[in-house]
Amino acid sequence: MKFGVVIFPGSNCDHDCYYAIHSVVGRPVEFIWHQETSVKGFDAIVLPGGFAYGDYLRTGALAKFSPVMQAVKSFADKGGLVIGICNGFQILTESGLLPGALMRNSNMKYICKFLEIRTAATDTPFTNSLSEGQVLNIPIGHGEGNYFADVDTLKELEDNRQVAFRYVENPNGSVHDIAGIVNKGRNVLGMMPHPDRSSEKLLGSTDGKLIFESMVQALAGRAR
Amino acid sequence: MKATIIVTLKPTVLDPQGITIQRCVQSMGLPEVTDIRQGKYFDVQLADNTPPERRKELIQRLAKDVLTNPVIEEFRIDWDQKS
């Protein structure tokens with residue numbers, strides 16, 4: 001079981017993700033430079049937070065043209081696990097791997113703080129260790145986390161139970177208090193809060209670790 | 001040959017930046033300004049020998065696939081008549 005953390009020019013949570021998976025969760029992990037054209041040999045891909053391509057044009061918009069994203073797309077199409085955290089979530093929506101878009105926070109401020117999110121779906125490879133309604137203490141750090149989707153898309157998300165997490169108190173104006181969603185196939189998760197910054201007691205919370213552990217459990221189940 | 005692509009948020013999408021600018025303008029003493037919507041534009045230069053039908057297709061594709069996010073934005077194209 002091997003995790004891969006993609007590094008785009010401007011990623012800045014790549015080492016946090018690597019550390020959480022390697023040293024806290026204790027699983028093999030390697031970095032993947034964005035110019036790579038293959039993700040062969042990896043069982044799960046992490047798109048970390050940061051400011052890929054300096055957030056130029058739109059957050060996440062230019063990262064979708066990095067060669068590695070073609071490989072990540074085919075990987076996801078075949079059911080591979082992909083988690084996008086913060087800027088990674090923005091890249092997933094821009095790449096079309098997840099529906100909707102992330103807009104400027106409604107209060108126009110960059111918000112960096114711990115808050116609470118509620119687990120809305122447990123039947124995903126990212127939330128199988130959580131219980132329905134379980135509240136996680138987890139930090140956000142973003143200026144553009146205001147999730148938006150049109151009415152039809154929102155209905156589809158709700159009907160298919162694709163909302164994985166909702167904010168207990170909405171910090172950024174996201175529709176339906178959405179903090180994280182999965183795709184229809186439930187193998188791609190995008191979330192604005194940072195499990196990578198909340199996997200160790202020293203950092204103030206270990207709740208984020210449950211998300212990585214869910215992925216490990218899901219992958220172990222597949223291998224059997 | 002030059003084309004300008006103007007990208008704006010869809011009318012149905014909230015524009016917090018536009019709202020903030022409009023509010024600030026109010027405090028400047030310009031109450032007549034009732035709404036501001038923010039957008040961006042791109043000047044695109046094409047090689048002189050680009051055939052006319054190719055120009056149109058190329059600029060459309062660039063605007064649609066790269067410069068706008070169709071979930072929240074729309075675009076219009078102004079062709080530079082001089083060139």
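**Chain B, order of elements.** I read chain B from the N terminus on and got β-α-β-α-β. My tally for the chain is 2 helices and 3 strands. A reminder to myself before going further: this is a predicted model.

**Chain B, overall dimensions.** I looked up the radius of gyration of chain B and found 16 Å, whereas a compact globule of 83 residues would have one near 12 Å. Along the principal axes, the C-alpha atoms of chain B fill a box of roughly 50 × 30 × 15 Å. I then checked burial: 13% of the 83 residues of chain B count as buried. For contacts in chain B with a separation of 6 or more, I noted that 69% come from residues 24 or more positions apart.

**One residue in chain B.** I picked B:Gln22, which sits in helix H1 of chain B, residues 16-27. Is B:Gln22 buried, exposed or partly exposed? I found 17 other C-beta atoms within 10 Å, so B:Gln22 is partly exposed. Leaving out residues up to four places away in sequence, B:Gln22 touches B:Val33, B:Asp35 and B:Ile36. I also took a distance to B:Val44, which is 22 residues from B:Gln22 in sequence: the two C-alpha atoms are 29 Å apart in space.

**Where the chains meet.** I turned to the contact between the chains and listed 11 residues of chain A against 7 residues of chain B. On the chain A side, the classes come out as 6 nonpolar, 2 polar and 3 charged residues.

**Chain A, overall.** I moved on to chain A and noted 5 helices and 11 strands. Its radius of gyration is 16 Å, close to the 17 Å given by the globule rule for 224 residues, so chain A is as compact as a globular protein of that length. The C-alpha box for chain A is roughly 40 × 40 × 35 Å along the principal axes. Of the 224 residues in chain A, 55% count as buried. I looked at contacts in chain A between residues at least 6 apart in sequence, and 74% of these join residues at least 24 apart.

**Helix H1 of chain A.** I checked the length of H1(A) next. Its 12 residues should span 16 Å at 1.5 Å a residue, and I find the end C-alpha atoms 15 Å apart, which agrees. Which residues of H1(A) are buried? I wrote down A:Asp14, A:Asp16, A:Cys17, A:Tyr18, A:Ala20 and A:Ile21. These buried residues pack against strand S1 (3-7), strand S2 (29-33), S3 and H5 of chain A.

**Helix H5 of chain A.** I ran the length check on H5(A) too: 15 residues, reaching 21 Å from the first C-alpha to the last, close to the 21 Å expected at 1.5 Å a residue. My list of buried residues in H5(A) reads A:Lys209, A:Leu210, A:Ile211, A:Phe212, A:Ser214, A:Met215, A:Val216 and A:Ala218. Among the elements covering them I noted H1, strand S3 (44-47) and strand S4 (81-85) of chain A.

**H1 against H5 in chain A.** How do these two helices cross? I found that the axes of H1 (residues 14-25) and H5 (residues 209-223) of chain A come within 11 Å and cross at roughly 75 degrees. An angle from 65 to 115 degrees counts as roughly perpendicular, and H1(A) and H5(A) are therefore roughly perpendicular to each other. From H1(A), the residues at the contact are A:Ala20, A:Ile21, A:Val24 and A:Val25, and they meet A:Lys209, A:Phe212, A:Glu213 and A:Val216 from H5(A). By class, I counted 6 nonpolar, no polar and 2 charged residues in this contact.

**A closer look at A:Glu213.** My last stop was A:Glu213, which lies in helix H5 of chain A. It has 19 C-beta neighbours inside 10 Å and so counts as partly exposed; a residue needs 20 or more to be buried. With residues up to four places away in sequence set aside, A:Glu213 touches A:Val25 and A:Ser129.

Technical notes
Residues numbered from 1 in each chain as written. Chains lettered and ligands numbered in written order. Predicted model: local features only at pLDDT ≥ 70, side-chain atom pairs only at ≥ 80, totals over all residues. Axes fitted to C-alpha atoms, helices over the stretch in contact; angles between N-to-C directions. Helix = DSSP H or I, 4+ residues; strand = E, 2+ residues; numbered from the N terminus. Parallel < 35°, antiparallel > 145°, perpendicular 65-115°, else oblique. Contact = placed C-beta atoms within 7 Å. Nonpolar A, V, L, I, M, F, W, Y, C, P; charged D, E, K, R; others polar. Expected span 1.5 Å × (residues − 1). Buried ≥ 20, exposed ≤ 12 C-beta atoms within 10 Å, placed from the backbone. Rg over C-alpha atoms; globule rule 2.2 N^0.38 Å.
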